Every structure is written in structure tokens, then in C-alpha cells.
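I opened my notebook for another structure today. Here is what I looked up, in the order I went.

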Amino acid sequence: MESFFAEKGIECHHFQDSHLHGATENRKQDQTAFKVFTPYYKSWEKLRKPNFQKIDSQKLKEFALDKQELFSEGQAEFTQLMQSVDEKWASEVGALKARKRLRQFISSGIEQYDQTRDFPAQKGTSRLSQFLRTGELSIREVYHRIKAEAPDSIGKETYLKELCWRDFYNMIYFENPQQQVLEIKEQYRNLQWNSDEQLLQAWKTGQTGYPLVDAAMRQLNQTGWMHNRLRMIAASFLVKDLLMDWRLGEAYFAEKLIDYDAASNIGGWQWAASTGTDAVPYFRIFNPTTQSQRFDEAGDFIYKYVPELKGIPHAYLHEPSKMPLNIQQEKQIVIGEDYPQPIVQHKLMRKKALELFKGIDQ
């Protein structure tokens with residue numbers, strides 16, 4: 001990009017604005033990179049956060065008119081692309097939309113963020129990730145507006161810490177450029193993963209027989225976005241319940257997510273797989289049923305994305321396979337036909353996952 005402008009005699013300035021701090025800005029006292037989040041965060045908090053830059057719209061218009069021939073081809077391609085985009089997506093883009101959502105989050109969401117962010121049926125997250133990914137909204141603007149406009153609260157503190165996680169994972173990716181294909185923890189680079197294509201397809205299409213996992217994957221497939229708590233649950237299920245290579249899940253998320261950020265996605269998958277830096281211990285394995293009961297107790301999120309379960313008694317919502325046959329017949333939903341039986345048994349697969357990782361650690 002810089003060489004293009006240089007060839008045209010246009011003065012160009014560039015700034016690091018994709019993260020609050022670049023990959024090498026937050027270091028230990030000996031100038032080596034952090035490997036654990038908590039000390040990184042404590043250091044990060046003390047660093048001054050550069051303010052966001054405002055664009056002079058009038059100057060930009062004048063420049064565009066003066067140099068419009070340089071961008072005619074790109075503008076034509078952009079117009080063609082927007083014409084092909086589904087109308088619902090076309091209304092979800094742009095800096096104005098992004099700032100409106102930020103204002104709404106500051107005024108009515110951030111104070112309760114720590115309490116609501118784990119429940120996918122609630123509007124408890126900021127939903128700003130897609131705008132940050134495309135640059136429609138600056139992470140610096142998000143940070144400084146929240147600092148200035150949001151009243152102090154645990155929710156505010158929790159959200160700002162989440163912004164730090166973006167910087168942390170960006171730094172980790174910089175320090176480990178092979179992270180997308182290679183486990184950071186060397187002892188786990190030769191794990192013997194399952195290669196059952198049918199299980200992988202069931203996970204991708206939301207047909208695992210575990211309602212919250214299925215709802216999560218269907219949300220991803222239908223909307224291009226997945227709630228953060230569900231990203232952890234879906235990832236844990238693929239790696240620890242199906243014993244499948246985390247790279248397969250990372251690649252699928254990369255294909256589907258409209259807010260895909262390589263550093264955060266890869267970092268998250270290696271966290272779930274217990275193979276990354278400061279990752280969840282291998283023996284911490286999410287139970288998909290108890291996660292469902294805890295974070296979607298009433299089933300509002302499940303009902304939205306797994307509508308075939310709407311008619312069953314709530315007592316069986318989180319474990320449909322336990323519904324007696326007479327009730328299945330009464331409700332006209334046959335488990336195994338209208339909705340799948342669990343493709344694996346969690347208790348058994350948990351034991352196998354522990355054996356897999358223990359075998360490497362010993």
C-alpha cells in the first residue's frame with residue numbers, strides 16, 4: 001500500500017491502530033516476552049494508551065475527488081460486492097453503525113457485562129468484534145470512550161481486561177509465528193488425534209446430540225458469529241469429547257467467522273486444547289450438559305437455533321436422549337430421527353481425553 005502511494009507522489013503516514021499496544025510494546029523488565037496473561041495484564045494496565053485519531057472528513061472528500069481516478073477500479077469492485085451481499089449484512093456495516101453499537105453498550109450494557117457476558121440468550125456482550133476486525137472502529141476509540149464515558153464498575157473493568165486479551169494473543173502470535181500449525185507446548189506436538197470424518201461433520205453442522213453445542217454451531221453457520229462462551233464450549237467439545245485435532249476447528253472458525261482474528265482465534269483454540277501458553281489445564285474438560293444447564297437454563301438460546309426441541313418437556317431439554325419413548329411419541333419427536341442421539345458419551349470421552357494427555361505428560 002505504501003509503495004502504491006509513493007509511486008503516485010502521495011505522502012503517506014501509517015500508525016499501529018489494530019491493537020492498543022503492538023506486539024513488542026509490553027515486555028518484562030529483561031525485555032523478554034510474557035508467557036502468562038496475569039503479569040502481562042498488570043504491566044499493560046500501567047502503559048499509556050495512545051488516543052484514537054479522527055479523520056478530517058472534508059479533507060478526505062477533497063482528496064478523493066482529486067485522486068478519484070486512482071480508486072475507480074476498487075470502487076467498482078466494492079459496489080459490485082455490496083450488491084451481492086444479503087440485505088441484512090449490508091445494514092450491519094460502517095463506522096456509524098459501529099459507533100452506535102458502542103454507545104449502546106456503554107449506556108446500557110457494560111455495567112452488567114461481568115454478570116451477563118456468559119449467557120448467549122442475553123445481549124450481554126458488546127458485539128463490536130466484527131467492526132474491530134475490519135477497522136470500521138478503532139480499538140483505541142473503544143478503550144478511550146469507555147474509560148471516559150462509562151461509570152466505574154466491575155463490568156467495565158472486566159471488559160477492559162478482555163481488550164487486553166486481544167493484545168496478549170497478538171503478542172503470543174508474534175512470538176510464535178508457527179502457532180497456527182504447531183502447538184506452543186512442545187510435549188503435545190505428537191498427540192494422536194481422532195480422524196473420524198463423520199464426527200467432524202456432525203460437529204460442524206450442529207448434529208452432535210448435545211443441544212447447546214449444536215445451537216452454538218448453528219449460530220455460527222447461520223450468522224457468521226458465535227458467542228464467546230460458546231466458542232469455548234464448542235472448542236472443548238471438539239478437542240476433549242471428540243478427541244479431534246484443534247487445527248480442524250480453528251480452520252472451520254476461520255472459514256465461518258465474520259470477526260475472524262487469527263491471533264485471537266488460534267490463541268483461543270490452543271487454550272481450549274491445553275496446548276498453548278497459559279492454556280486451560282488438560283484435565284479441565286467442559287461438560288456440555290452442565291454448561292447447557294448453567295448458561296442456557298431456560299433454553300431460550302437452544303430453542304432459537306434448535307427449533308426441533310421446542311415441543312419437548314423442559315426436564316429433558318439439556319439431555320433429550322433421556323426422554324422416555326412414550327413422551328417422545330406423545331410430543332411427536334423421536335430422538336435418533338428428529339434430533340440425533342449423542343454422538344459420544346461425555347463420561348467415557350472425558351476418561352479417554354485424560355488418558356491421552358496423561359500419556360504424554362508421564
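I started with W203, which, neighbours within four places in sequence aside, is in contact (heavy atoms within 4.5 Å) with T208, V213, M217, A234, F237, L238, L242, G249, Y252, F253 and W269. A note on the basis: this is a predicted model, where local features need pLDDT of at least 70 and side-chain atom pairs count only at pLDDT 80 or more, while totals for chains, interfaces and linings use all residues. Residues are numbered from 1 along each chain as its sequence is written, and side-chain values use heavy atoms, with hydrogens and water left out.

Next I asked which residues touch the most other members of the largest nonpolar core. Among its 89 residues, they are V142, I146, Y159, W203 and F253. I take such a core as a set of buried Ala, Val, Leu, Ile, Met, Phe, Trp, Tyr and Cys residues joined through side-chain atoms within 4.5 Å. Buried is under 20% relative accessible area, exposed is over 50%, and partly exposed is in between, with a 1.4 Å probe and protein chains only. Helix 10 (residues 154-175) gives this core its largest share, eight residues. Helices here are DSSP runs of H or I with at least four residues, numbered from the N terminus. At least three core residues come from each of domain 1 (1-50 + 92-175) and domain 2 (184-361).

**The two domains**

I then checked the domains, whose bounds come from an automatic or database domain assignment. The C-alpha centres of domain 1 and domain 2 are 28 Å apart. Domain 1 puts 20 residues into the contact and domain 2 puts in 23 residues.

**D296**

I found D296 in the loop between helix 16 (288-295) and helix 17 (300-305). A polar atom of the D296 side chain does lie 3.1 Å from the backbone nitrogen of F301. Beyond four places in sequence, D296 touches A121, L212, Q291, F301, I302 and H318.

**Two positive phi values**

Last, I looked at the loop between helix 15 (262-272) and helix 16, where S274 lies. S274 is not a glycine, yet its phi is near 65 degrees. It counts as buried because its relative accessibility is 1%. D278 is in the loop between helix 15 and helix 16 too, with a positive phi of about 55 degrees although it is not a glycine. At 30% relative accessibility, D278 counts as partly exposed.

Terms used. Polar contact = N/O pair within 3.5 Å; in protein donor to acceptor, adjacent residues only side chain to side chain.
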